[in-house]
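Hi everyone, and thanks for coming. Let me put the structure up on the screen, and then we can walk through a few spots together.

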Amino acid sequence: MRLFGRKSAGSSHSRLTLDVARAETFASMLANSRASLVIEVSDLLAGMYICNWERLSVYWEEEDREEIETFLRGICRISPQRWHYWIEFYDDLRRKGERWQLWRPPTKLKKTVPRESPLRPSAALASVLKQAEEIAPSRDSVGGRNIPILTSECVLLCILRSFGSEVSRKLAATGLDAGRLEREALFPRRAPLK
């Protein structure tokens with residue numbers, strides 16, 4: 001799997017679980033739709049929110065989740081039209097029982113010319129991903145190298161730990177159960193699905 005433009009397998013520094021790979025795809029699409037030159041932390045957070053909310057929502061109190069979703073849509077800069085499209089798309093796939101293998105941008109959105117090179121992570125996102133690689137508890141061995149496996153919990157924890165960043169401050173203010181997230185990110189009960 002690739003991580004924001006990295007080549008697969010041999011040159012990759014980490015592997016992604018399926019949910020992080022989906023979030024990565026969504027983050028790239030979101031950054032591209034803004035005509036950004038880089039993928040921001042908020043783009044990946046948006047991807048994690050859209051692709052894996054059911055799993056990550058457990059880190060907030062149930063009665064606060066609706067308010068948190070509104071907050072996350074705002075911090076991730078998801079327009080109401082884009083939000084509506086993705087909810088319909090997800091619901092349609094869920095009803096059909098299909099997997100999210102290929103993300104396709106909304107056909108009604110402005111068509112863009114393909115980029116010559118893939119988007120790269122911003123410096124802040126690169127720092128978050130590097131930290132996630134360092135703390136990832138699960139590893140895979142490829143060609144004699146020990147490669148970290150990044151999970152949503154691990155990446156979310158590193159976003160939260162990116163002290164001083166606006167996204168980190170806002171995320172911490174939402175009432176996220178940081179202790180539980182840290183325990184489950186660093187000491188998972190089961191091996192990650194790659």
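Let's begin with a question: is Arg 161 buried, partly exposed or exposed? Please keep in mind that this is a predicted model. With a relative accessibility of 23%, Arg 161 counts as partly exposed.

Now look at the partner of Arg 161. Glu 182 forms a salt bridge with Arg 161, and the closest N and O atoms are 2.6 Å apart. Because Glu 182 lies in helix H8 (residues 178–186) and Arg 161 in helix H6 (residues 152–161), this pair ties together parts that are 21 residues apart in sequence. Glu 182 is partly exposed too, with a relative accessible area of 33%.

Let's stay with salt bridges for a moment. In general, side chains of opposite charge can pair when their charged atoms come close. The count for this model comes to nine salt bridges. One of them joins Glu 166 and Lys 170, with 2.7 Å between the closest N and O atoms. These two residues sit four apart in helix H7 (residues 166–172), so about one helical turn separates them. Glu 166 has a relative accessible area of 47%, while Lys 170 is at 34%, and each counts as partly exposed.

Next, please find Asp 43. Asp 43 forms a salt bridge with Arg 34, the closest N and O atoms being 2.4 Å apart. Here Asp 43 is buried, at 0% relative accessibility, whereas Arg 34 is partly exposed at 29%. There is also a network of salt bridges that links Asp 19, Arg 55 and Glu 153.

Most residues other than glycine have a negative phi. Ala 35 has a positive phi, near 60°, and is exposed, with a relative accessible area of 59%.

On to the sheet. Three strands form an open, mixed sheet in the order E1-E5-E4. Strands E1 (15–16) and E4 (139–142) stand at the edges with a single partner strand each, so one side of each has no neighbour in the sheet. E4 and E5 (residues 145–150) run antiparallel and are joined by four bridges. Ser 141, for instance, has Asn 146 in E5 as its bridge partner.

Last stop: the surface. Glu 61, Glu 62, Glu 63 and Asp 177 gather there in a patch of negative charge. Of these, Glu 63 is found in the loop between helix H2 (41–56) and helix H3 (65–75), and Glu 63 counts as exposed at 62% relative accessibility.

Terms used:
Residues numbered from 1 in each chain as written. Predicted model: local features only at pLDDT ≥ 70, side-chain atom pairs only at ≥ 80, totals over all residues. Heavy atoms only, no water. Patch = residues over 30% accessible without salt bridge, like charges linked within 9 Å, V, L, I, M, F, W, Y side chains within 5 Å. Areas by Shrake-Rupley, 256 points an atom, 1.4 Å probe, with all protein chains shown as cover. Salt bridge = Lys/Arg side-chain N within 4 Å of Asp/Glu carboxyl O. Lys, Arg positive; Asp, Glu negative; His and termini not counted. Charge placed at Lys NZ, Arg CZ, Asp CG, Glu CD. Buried < 20%, exposed > 50% of the residue type's maximum accessible area, 1.4 Å probe, protein only. Pairing = 2+ DSSP bridges.
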